[in-house]
Amino acid sequence: MEDKNVLFLDTIPQKAEVGLPFEDQHDRIILTKLSFGKSPDHRYLPQPNRPLTFVVMLSLSAVVVGSLLLSMTVMFNVFLLAPSQNEQLLTNLACAKHIQYNAGAVSYLPQSQVMNLHARKTSYDFEPSVILSGCVGISLANGTAPISQCSRSREKRTCLEWKNKARLVMEETVLTKEVRCTSVSWEALTYDINDFTDCYNMSGAHWYGFGQVFDQKWPIENWSMNFAPFVTHDSISAKTAYGSVAERLVFGSRGVGIYVPEDVPLFVSVNASGDHKICLMGRFKNSPYINNDDLPPFLKYNICSSDNALQMRNFAAKNFFSLPPPNKIPDERMFTSPIWSTWALYKKTINQSTVIDFADAILKYNFSNSQIEIDDNWTPHYGDMTFEPRKFPDPKGMVQQLHNKGFRVTVWVHPFASLLSQSYQEGKANGYFVKTKRGTPKPTFWWDGIGAILDATNMNAQNWFLAKLHRLKNIYGINSFKFDAGESGWLPPSPFYMASPGINPSLYSTMYVKMAYDADSDVRHQEVRVGWRTQDTPIFTRMLDKDSVWGYNNGLKTLIPDALTFGILGYPFILPDMIGGNAYASTYPDRELFIRWLEANVFLPSLQFSIPPWAYDGEIINISKKMIDLHKKFAPTIISLAKQFSESGAPIIRPLWWINATDDISLTIDSEFLLGDDLLVAPVLEQGARARDVYLVPPYKWRDERTGSVVNCGWHLNYKADLDELPYFTRIIK
């Protein structure tokens, strides 16, 4: 019997003879193509014109993420399992109600057009374990056209076509001895398709990546994110959006990684409504993606794997991140001494006197500084790069005073221009703002009102903006800048027009960061709060504004998950937000919260104060000085690790699994972190606590740096930590 709706895997032995024992053919039976023909078992053949589901087995012994700019693919290793083994393995799949099993492990589901991509790893005893399973083509699941093999199929490439509807291409490659990937690409053959959606189960692994969100948790299977456009956004103003630092990379503890090219009109959901799935959707309709060419929807991505999360992440760093030039890092003084910002303490009620008084208080209480930052509301109108004369009657003299007191001075800047500003008139006349189709500035709403937004993709607009910043340096003596915003989420509603649009509006964020770097490329003591494919820029990247609360609702417990996420995505120069949070709901944060926040921040790359320690009492002042001194003591280590990033791509702040990627507890700890490979930090994050449970990564012994005692690996329950104590440990390597 022959049925053209039946799909088979053809396998060929490589460097092996037919009849060799199974273990001798390990890693040698390679999938070469998908073909149609006679089935060895017809119990579950699809009916004519019914949807198709198939399952492919991946060997995980050597699959990792591939090249950044090219489509990446996987060499499928097909292992010959007995029918009973195949059946047992495949029935665990979410979509597999009925299966057909054979040597190629292909199965069909007549009831569903959903496809399964099923990966597995084989250990030395050849016991299979599922490492990735999922359903693809979900949006095609209801009554579509017959499936056929299309002409694009060839060796190492499979092409399936839904007649006059859609085309799926899956292509295989071996990137290195250890690296194998597959590219998955959906193409619409009609405009009747709204989207392509593929989902993968997170069960059985822990997952990391994607970026910053409001309720930042670690690992990300603890998130609950419904479908949202995967572009940079302010997740404070839009709590259901992805945040300011975002990368289209996610990987799991079993070594599987998924990378989506930046030109895909991507939506992502993570554990939406507790479904334990990562779902990828390609869609233009009702999206922020720029579709000037009126393209139909498409989706493409790459699935790769390796032995574990560390191997996957490090391969991603070498292939997805463009690292900074050797030894080029941000200003070393910012790694050593605190930044002092006017924002959380004064909000918008700043003037020349308050700035001088703030600086004098810092010196009065004998605190060190890297710089003082003049935040919101120093200009006449937003966008005008000059001081408001009634609030700052002598800005040049003020800056000189601050210099004389030992402060460098930075000011808050952003890409917006009030419709009342002089900058708006200049930018409008020269086409420097994001435009309407008629070429006039298209207004956008932001947190301080309505205005035009700089077209950061326009080099003439960048040069105009930078000239204003250089004028601040030359006339007033300003040293550098705090760049706010820059997310694509602040662009006006579509349609709008930029000089270099592309499909993905997050290109705006990339160009904005590059411009910010050019504003201070010599000393490099500026900061930004957005990151999108800018790992090669040696600049401090700030976390979004934190709330002065203890929990995961953008509070203290999100500090370490944020730092770990920044690091693994290639943003090691982390500037945590204000110590104690931004005090939006009260004048000052709770005193205990303030100190525990500072302690959690001590071993991060930089410290930033606004609410000052002297706002509380003498005990808080003394503990703060103790912690600042501890940070300064380890600043040379932090700076050394910062320089190593350009060589290895290793972050400064590392998850516990960095030194043991197979330890399940290390894979889930979100309240501890490593500074480099050898210093483990375990701050107290619970209100009222004077002890915490500490986990020390096996198989090492560790030295408690507070007492000098050597302790074993594993859990240490109720480890004492008074208000002035920060538990930290050094790994002992014999």
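The lining of the second largest pocket divides into seven nonpolar, two polar and 10 charged residues, where Ala, Val, Leu, Ile, Met, Phe, Trp, Tyr, Cys and Pro count as nonpolar, Asp, Glu, Lys and Arg as charged, and the others, Gly among them, as polar. This is a predicted model, in which local features need pLDDT of at least 70 and side-chain atom pairs pLDDT 80 or more, while totals for chains, interfaces and linings use all residues. Residues are numbered from 1 along each chain as its sequence is written, and side-chain values use heavy atoms, with hydrogens and water left out.

The second largest pocket holds about 290 Å³ of space. A pocket is an open set of points on a 1 Å grid over the protein atoms alone where a 1.4 Å probe fits, with protein on both sides within 12 Å along at least five of seven lines; lining residues have an atom within 4 Å of a point. The volume is the space filled by probe spheres set on the points, which are joined across faces, edges and corners. Of the 19 lining residues, W343, W447, R529, D545 and Y584 are the closest to the centre of this pocket. Domain 1 (101–320) and domain 2 (332–415 + 453–653) each contribute at least three residues to the lining, the bounds coming from an automatic or database domain assignment.

Three disulfides are found in the whole structure, a disulfide being a pair of cysteine sulfur atoms within 2.5 Å. C150 and C159 are joined with an S to S distance of 1.6 Å; their link is left-handed, with -120° about the S-S bond. The sulfur atoms of C181 and C304 lie 2.0 Å apart, and this link is right-handed at 125°. C181 belongs to strand β8 (residues 180–188) and C304 to strand β16 (residues 298–305), 123 residues apart; helices (H or I, at least four residues) and strands (E, at least two) are DSSP runs, numbered from the N terminus. C181 counts as buried because its relative accessibility is 0%, the classes being buried under 20% relative accessible area, exposed over 50% and partly exposed in between (1.4 Å probe, protein chains only).

Two loops hold residues other than glycine with positive phi. N164, with phi near 60°, lies between β6 (157–162) and β7 (166–174) and is exposed at 57% relative accessibility. R533, with phi of about 60°, lies between β24 (527–528) and β25 (540–542), but is buried at 15%.
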